[in-house]
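Please look through the sequence and the model shown here, and then read the short report that follows.

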Amino acid sequence: MTVRDFFELWFKERKSIVERTTYQNQLAFYNIYIAPRMAALLMFEITPIFLQNYVNDLLELTTLRTSTIHILFDVLKVAFKRAVKLKVIKENPAYFVDLPKIQKTEMSVWDIGEVNFFLSKVSNIKTKSVFNSLVTRNFDWYASR
């Protein structure tokens with residue numbers, strides 16, 4: 001059985017099990033990231049070393065965030081877990097892959113000059129009013145601490 005054949009079966013099952021948005025997101029991950037690299041392969045050809053090389057390639061050859069790679073592997077783990085239950089494969093190869101550590105990005109905070117510059121560039125009066133209100137409230141909260 002090819003990866004394509006299995007995922008077609010799996011997605012037929014998923015459609016009635018998960019929420020519509022979950023289904024659509026998983027299908028998108030399959031179509032964008034999984035199918036181009038794996039669809040033509042047989043299921044037993046997807047080994048831990050194959051998936052580890054896939055992760056390494058994603059890190060080196062794409063601009064995917066590490067959190068996106070984790071989500072991609074969540075889809076693979078769930079799908080391959082089902083494949084094990086259906087005895088399509090003997091073990092889940094995704095369980096043996098070392099994923100990169102999720103990189104947390106630090107939030108930068110604007111100073112008052114940057115806020116005023118931003119507000120001076122907002123042309124829509126309603127939008128400007130909303131941002132001005134949010135900024136004022138946040139500065140008041142911060143000052144009261």
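## A loop residue

In this predicted model, Lys-87 belongs to the loop that runs between α4 and α5 (112–121). Although Lys-87 is not a glycine, its phi is positive, at about 60 degrees. Lys-87 counts as exposed because its relative accessibility is 73%, which lies over the 50% cut-off.

## A lysine in helix α4

Helix α4 covers residues 66–85, and Lys-81 is found within it. With a relative accessible area of 44%, Lys-81 is partly exposed. When its neighbours within four places in sequence are left aside, Lys-81 is in contact with Asn-92 and Tyr-95. Between Lys-81 and Ala-94 there are 8.9 Å in space, taken from C-alpha to C-alpha, while the two are 13 residues apart in sequence.

## Aromatic side chains

Across the whole structure, a search finds 10 aromatic pairs. Phe-29 and Tyr-33 form an aromatic pair that is tilted, with 5.5 Å from centre to centre and 45 degrees between the planes. Both residues lie in helix α2 (residues 20–38), where they are four residues apart, or about one turn of the helix. Phe-29 counts as buried, at 16% relative accessibility, whereas Tyr-33, at 23%, counts as partly exposed; the cut-off for buried is under 20%.

One aromatic cluster is formed by Phe-6, Phe-7, Trp-10, Phe-11, Tyr-23, Tyr-30 and Phe-80.

## A nonpolar patch on the surface

On the surface, Met-1, Leu-9 and Leu-86 form a nonpolar patch, and together they have about 250 Å² of accessible area. Of these residues, Met-1 is located in the segment before α1 (3–17).

Methods: Residues numbered from 1 in each chain as written. Predicted model: local features only at pLDDT ≥ 70, side-chain atom pairs only at ≥ 80, totals over all residues. Heavy atoms only, no water. Patch = residues over 30% accessible without salt bridge, like charges linked within 9 Å, V, L, I, M, F, W, Y side chains within 5 Å. Areas by Shrake-Rupley, 256 points an atom, 1.4 Å probe, with all protein chains shown as cover. Salt bridge = Lys/Arg side-chain N within 4 Å of Asp/Glu carboxyl O. Helix = DSSP H or I, 4+ residues; strand = E, 2+ residues; numbered from the N terminus. Buried < 20%, exposed > 50% of the residue type's maximum accessible area, 1.4 Å probe, protein only. Contact = heavy atoms within 4.5 Å. Phe/Tyr/Trp six-rings, centres within 6.5 Å; stacked < 30°, edge-to-face > 60°.
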